[in-house]
Amino acid sequence: MVQTFPDKVPPSLAKFLGEGPALIGAYLEEQQNLTAVERFSSAHDLMHTGLAGKPQLENHYRDLLPLAMPKPGQQFAFEVDLDRCTGCKACVTACHSLNGLDAGETWRSVGLIHNVIGKPRQQTITTACQHCLEPACSHGCPVKAYEKDPVTGIVKHLDDQCIGCEYCILKCPYDVPQYHHDKGIVRKCDMCVGRLEAGEAPACVQSCPTKAIRITIVDQAEVRKNPDDYTAIPGAPDPRYTHPTTRYKTTRPLSEGMEAADAYKVRKEKAHYPLVFMLTLSQLAAGFLFALEAGTLSGFLPRRPLFQALGHVLGSAVMLLAIAVSVMHLGRPQFAFRAVIGFRRSWLSREIVAFGLLGGLSAIMACATVGLALHPVPGGRLQLLEAFASNTGMRIFMLLACLTAVHASAMVYRDTPRVYWATRMTSAKFLLTSALTGLAGLAAFIACCLASRAFSADASLRAVVLPLCISLPALLIIKLACEARIHKHIDDQDANPLKKTALLLRGELRFAHAWRFNAGLLGGLMLPVFWIYRGDSAGAVFSAVMFAAILILVAAGECLERYLFFTACVPPRMPGA
Amino acid sequence: MSLVSTFSDFLRQRDGKLTHEMILAPGRFGLGKTPNRLQPDSTTSMVCGYCSTGCSLKIHMKDGKAVNLTPDPAYPVNLGMACPKGWEALAPLKAGDRAVTPLLRDGSGNLKPVEWDAALREFTGRFKDIIARHGREAVAFLSTGQIPTEEMFMLGVLAKFGMGFIHGDANTRQCMATSHVAYKMSFGFDAPPFTYKDFEESDVIVFLGANPCIAHPIMWERVMMNKRKPEIIVVDPRQTETALVATRHYALAPKSDLALLYGLSHILIREGWIDERYIAEHTSGFEEFKAHVQTFDPEAVGRITGLGTEKLKEFAALLKPGKRVSLWWTMGVNQSHEGVRTAQAVINLALMTGNIGKPGTGANSITGQVNAMGSRIFSNTTGLPGGRNYQDPAHREDVARFFKIDPAAIQQKPGLAYDQILSAIDEGKIKGLWVIATNPAHSWINQEDFRRVAAKLEFLVVQDMYHDTDTARLAHLVLPAAAWGEKEGSVINSERRIGLFKKVSPAPGQALADFYIFKLMAKYWGCETLFSGIDTPEQAFQAMAELSRSRPCDFTGISGYKQIDSLGGIQWPYPETSKLPPVPERRLFEDGRFYHPDGKAKFQFSPPQPIPDPVTEKYPFALMTGRGSSAQWHTNTRTGKSEVLRKLYPADSLVEIHPQDASRLKLANGDWVLVKSPRGQARARASVASTVQPGQLFMPMHDVEVNRLTFPAFDPHSRQPSYKHCAVLVEKI
């Protein structure tokens with residue numbers, strides 16, 4: 001019957017006495033009273049109790065899952081039917097909701113390729129983790145937080161093992177691992193392995209309205225042999241780096257002339273400030289210690305205990321500071337010690353070990369030289385100290401440790417799929433930074449020593465300053481010339497990553513780029529030339545101030561260079577929107 | 001040993017808190033696995049609050065509150081699927097800019113929180129004062145297609161029968177007025193004849209000015225389920241996402257659609273590809289129509305549309321009788337200076353080929369907003385509740401009797417349309433405006449018009465879930481409204497299916513459901529007797545059902561919300577006289593009987609009119625606007641609040657431009673440009689693509705700057721604004 005109104009007035013309204021404010025109160029209370037469950041859900045849930053636990057969508061996705069487990073030499077893979085994908089992006093949101101990801105966290109993305117000229121074509125490309133045969137994320141991880149399942153081939157991330165170094169993000173060509181700022185770790189797609197184990201479809205598969213995504217079994221040898229699916233997608237990263245397994249099917253070959261819709265988009269990348277400072281400081285310290293040991297060994301620098309002690313304390317302090325700064329980069333620094341376990345495969349692990357050793361060694365040297373300076377009479381219990389402090393072998397070992405650590409730093413970046421980094425130029429830059437800042441540091445240290453009463457009469461020390469000062473402009477010019485080489489790519493015809501780097505340096509990053517050169521030229525060229533021109537006549541204090549300014553400017557210039565090293569490096573990616 | 005294993009666990013930890021957070025719990029309630037953290041203790045389903053597809057979302061409830069959702073597999077509309085907006089429907093409820101208390105502009109011009117009591121006194125006092133000084137025609141309301149029918153109904157009854165408003169309109173004027181008027185004139189009632197099953201049962205599916213891949217992805221799902229290997233034809237100047245996957249795309253010149261449809265009719269008639277028997281038995285006015293299309297010969301029409309004679313003939317041949325042809329249109333047709341005639345020209349095609357009332361056929365308007373259909377029947381704006389007419393004394397009598405009011409108090413013609421309300425404000429005739437759940441300061445055509453006239457208002461009230469929409473920022477009084485998911489009610493989708501909204505999430509602060517706000521206003525105004533017996537939305541539903549009795553939209557057979565819930569929505573009509581439970585998917589006119597007194601459908605037509613804002617030498621580009629992506633809705637007030645959705649659409653506004661034009665203007669992809677019309681300018685990045693033709697531009701409508709450009713032209717019958725064509729120029733910045 002329609003005329004009667006079946007639902008009773010809610011009890012909270014029944015007490016309404018007829019006054020406006022009372023009614024407001026009643027409605028505000030009623031507004032907070034959630035009744036949907038008691039009114040509707042029982043009926044709803046009852047409807048499906050017969051299916052107890054059986055997912056209602058099973059019929060939708062049953063034929064989108066493989067019938068058996070992979071055999072040896074096979075693995076699970078996503079298969080995308082591009083003909084059926086129209087770019088609704090439900091897969092992205094379903095993955096987000098069904099995996100309970102946090103606000104803004106997404107593990108799948110949908111990009112677009114199109115052609116600019118000719119008959120219009122466009123194709124959306126949905127991408128998640130490629131569950132690669134050679135997962136770069138896993139190979140780079142310093143703590144072995146990734147493992148590739150031997151049966152399913154799924155590349156799984158061990159969230160509790162992760163220290164949040166983000167190196168996998170730099171390693172993955174597909175932008176798959178996502179950093180979770182609050183948790184301090186990365187997370188990524190695991191092909192909904194928990195669902196697959198229960199015979200359910202991954203979130204993206206079960207949510208696609210047009211059934212464009214399925215799980216299939218691929219032969220790993222076939223994937224390795226035949227990377228065509230990828231090379232066919234314009235703008236996709238070179239599949240030979242990781243051998244991604246997702247299969248892209250289409251009956252309409254992606255025609256010549258198609259390109260990623262974001263092919264021309266340039267945007268600066270994350271700066272990683274702790275790494276910017278860590279790389280500059282660690283290279284300064286390594287360069288300084290290297291110069292100190294080499295200068296001492298070759299007789300350019302005095303073996304005077306006070307000088308050696310001060311030098312080693314300074315060098316070691318900067319080195320330890322650099323290490324401390326680097327730990328700040330980690331999302332979970334308390335687990336930094338785990339970084340040793342990836343030594344066999346990860347250059348990041350090797351870098352951490354190398355700098356750990358160098359830091360320890362430099363600290364021992366500092367202690368030893370200080371001990372020697374305080375107790376200048378050798379013998380007795382201080383023999384061990386002396387053995388350390390003046391042992392040629394130790395100094396040679398220090399030289400090697402410095403080189404190894406800087407080399408490991410460079411390899412961390414060279415061992416990525418980012419073309420701006422993956423060349424010997426990265427090693428050259430890091431070594432030149434070490435030399436330039438190390439020598440500037442040494443010059444400033446010596447100039448300060450000479451300004452103090454203890455060293456003011458030391459002629460041999462004074463004689464070192466001029467050659468050091470002359471070396472700075474030479475090194476700086478080589479360094480800037482190396483850096484400037486990227487600009488030749490500005491005229492490249494295609495929108496390759498190096499061209500984009502050059503565009504970024506001239507566009508969004510032009511101020512940082514200009515100041516990098518200004519700081520370098522002022523600190524590394526103009527002030528040294530000015531000092532040489534004035535000669536030593538201006539007095540020791542003036543020289544100390546000058547060289548301190550030179551060091552600060554040179555180091556600032558190198559910090560800016562390292563900022564640009566990160567922000568202007570364009571990573572490979574699947575086509576974006 | 002254990003020490004070693006502890007240390008080894010510490011060095012390589014495979015399990016722990018972070019791992020557990022991501023574990024999936026075994027599914028209950030037919031859901032499949034769900035995140036452990038968000039495991040529901042019950043579920044309930046409700047219709048999504050965005051578009052007119054009317055998908056059902058299964059809300060995952062924990063301790064009585066919504067924590068997550070998945071599309072409902074048991075609902076006949078979406079069959080377990082949803083677009084990104086649906087998946088993210090709960091996110092906008094948590095936004096930081098929700099209106100949580102009434103806000104009143106103080107002496108220094110700032111909006112300051114006030115109590116509901118003060119806000120309601122201000123509301124009634126100011127509107128009563130304006131009416132006392134300037135009369136009933138000095139106030140108006142602008143409503144929405146986004147709230148449940150019950151609330152539209154309450155608003156219309158309260159404003160017009162209680163407060164004495166004459167004028168009230170809604171943003172449905174911007175999306176659906178054309179279809180409403182077209183159907184009403186052609187069929188005798190505003191009755192979209194189809195059911196979504198028709199997508200699956202067609203042999204030829206024609207989309208006119210519709211882009212379902214992006215705008216209605218779940219309808220496209222149904223197209224993809226069609227096993228008849230259908231011919232899919234897209235008629236659109238732009239190579240849309242749908243055009244790219246269609247079997248044929250006719251890229252006609254902008255706004256040449258009416259000529260095209262008359263040209264097709266001409267060929268069909270000339271070739272005898274028509275259903276003469278159906279025309280004779282079920283239609284009127286065909287002879288006049290035949291004479292009218294006589295002049296639309298293929299040569300002329302081929303030239304006007306830019307398609308050429310051959311393509312036109314090829315297109316017409318696809319519509320030959322013998323195949324199930326369904327014709328679907330959306331905003332490309334509706335938002336036009338001659339949208340009603342264009343929609344009717346589509347209806348005419350279906351009528352003369354007999355493609356109506358049978359599976360896989362129909363002249364089908366895909367609606368825009370979730371409850372535009374509810375608005376069309378019950379909002380008491382353009383017509384009286386139940387799809388009645390103000391002009392009809394018997395209809396006024398019916399409604400007056402129901403509400404126990406004097407029939408003479410009911411206006412005898414509809415009030416002003418949206419654009420006319422704004423003109424009246426401009427002329428100083430309307431002094432007080434009440435805006436409910438819509439954002440004209442962003443969406444109105446030639447937006448500056450709205451902003452300019454809004455400044456002339458003595459009193460502007462905005463009732464919205466957010467306190468900082470473009471329009472709320474202009475208001476004198478902001479009333480905090482509960483949103484979708486925080487209140488109950490019913491909505492009607494494109495295929496006439498009545499579905500439910502439910503209260504699954506607590507409203508923030510003092511936000512109240514519009515239903516309660518209207519009840520309070522009635523109380524404070526002193527007209528609460530209008531709503532005696534209507535204390536809950538469901539009671540309002542029963543009142544509406546009663547008002548639908550014996551009308552074409554009769555749903556007196558629906559016993560209440562529980563029945564709607566348990567049956568997966570119920571399409572109207574479903575009169576009390578129906579003996580059988582409703583069939584899940586029903587279409588209209590299977591008996592060939594229409595709603596005009598003679599039972600026949602009417603051929604409606606008139607000659608195409610020139611484009612109101614043609615391109616000129618100075619403004620050489622035709623700008624079209626439309627949906628940008630499946631992750632955006634209207635003015636982005638809600639979709640912009642989901643971090644996930646924000647990732648799914650471009651951060652910057654885009655303008656699509658043809659490569660030839662781009663190279664002439666020396667524009668590269670991604671360059672910033674200024675698009676200018678005599679009315680304003682908009683900044684956007686160039687998206688160089690041959691999806692538009694030379695001389696055309698396309699901009700998504702979601703960026704606030706776009707409607708600074710649009711030209712205020714209106715369909716003479718429906719007063720719907722023409723968003724799809726204005727003349728602009730482009731400059732590189």
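Trainee: How many Å separate the centres of domain 1 and domain 4 of chain B?

Mentor: In this predicted model, the domain assignment of chain B gives domain 1 (1-39), domain 2 (103-172 + 377-571), domain 3 (177-365) and domain 4 (621-732). Taken over C-alpha atoms, the separation between the centres of domain 1 of chain B and domain 4 of chain B is 47 Å.

Trainee: And how far apart do the C-alpha centres of domain 1 and domain 2 of chain A lie?

Mentor: For chain A, the domain assignment gives domain 1 (71-260) and domain 2 (273-567). The distance between the C-alpha centres of domain 1 of chain A and domain 2 of chain A is 41 Å.

Trainee: Which helices of chain A each supply at least two residues of the side of domain 1 that touches domain 2?

Mentor: Between these domains of chain A, 18 residues of domain 1 are in contact with 18 residues of domain 2. By class, the side of domain 1 of chain A that touches domain 2 of chain A has 12 nonpolar, 4 polar and 2 charged residues. The helices that each supply at least two residues of that side are helix 6 (136-140) and helix 7 (167-171) of chain A.

Trainee: Is chain A more spread out or less spread out than a compact globule?

Mentor: Chain A has 21 helices and 10 strands. Its radius of gyration is 32 Å, whereas the globule rule gives 25 Å for 577 residues, and the value for chain A is well over that, so chain A is more spread out than a compact globule.

Trainee: What does the C-alpha trace of chain A span along its principal axes?

Mentor: As for the interior, 49% of the 577 residues of chain A count as buried. Along the principal axes, the C-alpha trace of chain A spans about 110 × 70 × 50 Å.

Trainee: What is the bridge partner of A:Glu79 in strand 9 of chain A?

Mentor: Strand 1 (residues 74-81) of chain A runs parallel to strand 9 of chain A, and 3 bridges join the two. In strand 9 of chain A, the bridge partner of A:Glu79 is A:Arg247.

Trainee: Turning to chain B, which residue of strand 4 does B:Thr43 stand opposite?

Mentor: An open sheet of 3 strands in chain B has the order 3-4-5, with antiparallel pairing. Within this sheet, 6 bridges join strand 3 of chain B to strand 4 (residues 56-62) of chain B. The residue of strand 4 of chain B that stands opposite B:Thr43 is B:His60.

Trainee: Which residue takes a positive phi just after helix 20 of chain B?

Mentor: Helix 20 (residues 418-426) of chain B has several buried residues, among them B:Tyr418, B:Ile421 and B:Leu422. What covers the buried residues of this helix includes strand 8 (139-143) and helix 22 (447-454) of chain B. Just after helix 20 of chain B, the residue with a positive phi, of about 80°, is B:Gly428.

Trainee: How many residues does the contact between the chains take from chain B?

Mentor: Chain A gives 74 residues to this contact. The side of chain B that touches chain A divides into 46 nonpolar, 27 polar and 23 charged residues. The number of residues taken from chain B is 96.

Terms used. Residues are numbered from 1 along each chain as its sequence is written. Chains are lettered from A and ligands numbered from 1 in the order in which they are written. This is a predicted model: local features need pLDDT of at least 70, side-chain atom pairs count only at pLDDT 80 or more; totals for chains, interfaces and linings use all residues. Two residues are in contact if their C-beta atoms, placed from the backbone, lie within 7 Å. Ala, Val, Leu, Ile, Met, Phe, Trp, Tyr, Cys and Pro count as nonpolar, Asp, Glu, Lys and Arg as charged, and the others, Gly among them, as polar. Two strands pair if DSSP finds at least two bridges between them. Helices (H or I, at least four residues) and strands (E, at least two) are DSSP runs, numbered from the N terminus. Domain bounds come from an automatic or database domain assignment. The radius of gyration is taken over C-alpha atoms; the globule rule is 2.2 Å times the number of residues to the power 0.38. A residue is buried if 20 or more other C-beta atoms lie within 10 Å of its own, exposed if 12 or fewer, and partly exposed in between; C-beta atoms are placed from the backbone.
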